[in-house]
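Please look over the sequence and the model together before reading on.

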Amino acid sequence: MFSARSYSHVVARAARSRNGSVTLVPAAASQQTMTFLSMFSSAVEKKEEPKKVPALRIDVINNGAVPKTELKKASSPEMKAPSLTSPKCLPRQNLNDLPITFADISRAHVNIRSGVVRTTCEKSHFLSELLGANIYLKSEFRQFTGSFKERGARNAIKQLLLKHGDGFKKNGGVIAASAGNHALALAFHGKELGVPVTVVMPTVAPLAKVDKCRKFGAKIIIHGAHIGEAKIFAEKLVESEGSCYVNGYDDPPILAGAGTIGIEMVDDVPDMDFVIVPVGGAGLIAGISCAVKTLKPDCKVIGVEPERAASYHAAMAAGKPTPFNVLSTLGDGLAVPTVGAHAFEVARHYVDECVLCTEKEISIAILRLIENEKMVVEGGGAAGLAALLPGAQLDRPDIKGKNVVIPLCGGNIDTTTLGRVIDRGLAADDRLCNFVGSVSDRPGGIANLTAILAAEGASIKDIYHERAWLHTSVDQVQIKCVVELQGKDHAERLQNALHAKGYPLVWNKNDGKNKV
């Protein structure tokens, strides 16, 4: 058989060859493969470079500044912007004019493979049984700096070196505004390749990530209350110092680097039916969708973004990148106010659909990965799995029994945040419940309550006893209790047992749930 691995390598050679046709084709290659390679080779042999769309720049914070060059608006009925609830991809037209093509991704694949981890894509038996589909997890959080961002960062730096020569190491360098994964990736690969890196980080950047970037040799500048102010300051430095600004989710080399994940997915799971990709600035899904749809057109590519940071939905509804009022979310790496213009232009031609996930679903997804896969993944990295959980938007018949690949794209989560996320996941899973009840203010009143809890197998995590705020009876006191349980059925049994013994309860008070 002609494997996807050999296929991608042959295509990579075709992407680099501009003086002759491709002759290194395996003898067992199918007629479809031969036809594709012939067409690809002919396209590559053309001497004139393919046209590119004009460079687009959007200030993602500056009150939604309009792009200097607008994206093309839909003019025909079939090109109208889809609905906000379930945006579909627009018809694929003029793909060679997009900011990146499969040739760019193939070159990036060859360009970076000696400097990044070729991560595994393995089937999860537990999640497959839970979700009713064959679930494959692409472990991008196992990159050295903890995220897929290394692929685009290394590709961007190497392309700048190719363009400017070794003098770029002394007189140039790269600069970026980032509070997280992009900063770490640039700092690490800048050091590896001998290129100076300056990172402007806002004051809210986690200290652990600031220290890591500094250890990698990057010049760290703390400026601005948020990433928007940091970005504006970084752009001023570009003008004054002559460095090259690298956008973490919208520069074409960044998109091409992310697309190499798609090549590896097809290589590892050649019969995949769905790819579920987290969406923030849309750079990851743009690259992956371009690669996957080129190599396996029948595979569906679906994006997932937090409902509190639905900037891609907003862009699809408007037909162009448009600001979205982002709220705080567990998927903080996906909290981008406006998707990248280049990324959006690519993604809307290849992505089949984009859905939303809730904070509850993200917390449960992180918990499932920790407990069952022994994987620590950040909120944004777990968004793809979150949308597949029971009751989520992708819990639907057309996905059941199919081969589904999910990139776990990042694992940089603070330990303090992880503790809070685990507690929220347990609460969302009905394994951590709280209730308020009234007991007798006499010796043995609390003991009687705890005896019921013990009989029902509930473990008390926290209990609080107060008198002042109960006005119904002077001989009663209020008990606030947090208990660890085994799940929803266990919680219902405990609730019914307390009710049967005559205890008035407010169950899961902070969630505003039922009073018994």
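Helices, like strands, are taken here as DSSP runs, with at least four residues required for a helix and at least two for a strand, and they are numbered from the N terminus.

The model is a predicted one, and its secondary structure comes to 18 helices and 14 strands. Of the 516 residues of the protein, 54% count as buried, and among contacts between residues at least 6 apart in sequence, 72% join residues at least 24 apart.

One part to follow by eye is an open sheet of 4 strands, arranged in the order β5-β4-β3-β6 with parallel pairing. Because β5 (219-222) and β6 (244-245) stand at the edges and each has a single partner strand, one side of each is left without a neighbour in the sheet. Strand β3 (residues 174-177) runs parallel to β6 and is joined to it by 2 bridges, and Val174 has Cys244 in β6 as its bridge partner. Helix α9 (residues 227-241) packs on this sheet, where it touches β3, β4, β5 and β6, and its direction makes about 160 degrees with that of β3. Helix α7 (residues 181-193), in turn, lies across β3 and β4 (197-201) and runs at about 165 degrees to β4.

Ile446 itself is partly exposed, with a relative accessible area of 30%. For the protein as a whole, the accessible surface comes to about 23,400 Å², of which 52% belongs to carbon and sulfur atoms.

How values were computed. Residues numbered from 1 in each chain as written. Predicted model: local features only at pLDDT ≥ 70, side-chain atom pairs only at ≥ 80, totals over all residues. Heavy atoms only, no water. Pairing = 2+ DSSP bridges. Contact = heavy atoms within 4.5 Å. Axes fitted to C-alpha atoms, helices over the stretch in contact; angles between N-to-C directions. Buried < 20%, exposed > 50% of the residue type's maximum accessible area, 1.4 Å probe, protein only. Areas by Shrake-Rupley, 256 points an atom, 1.4 Å probe, with all protein chains shown as cover.
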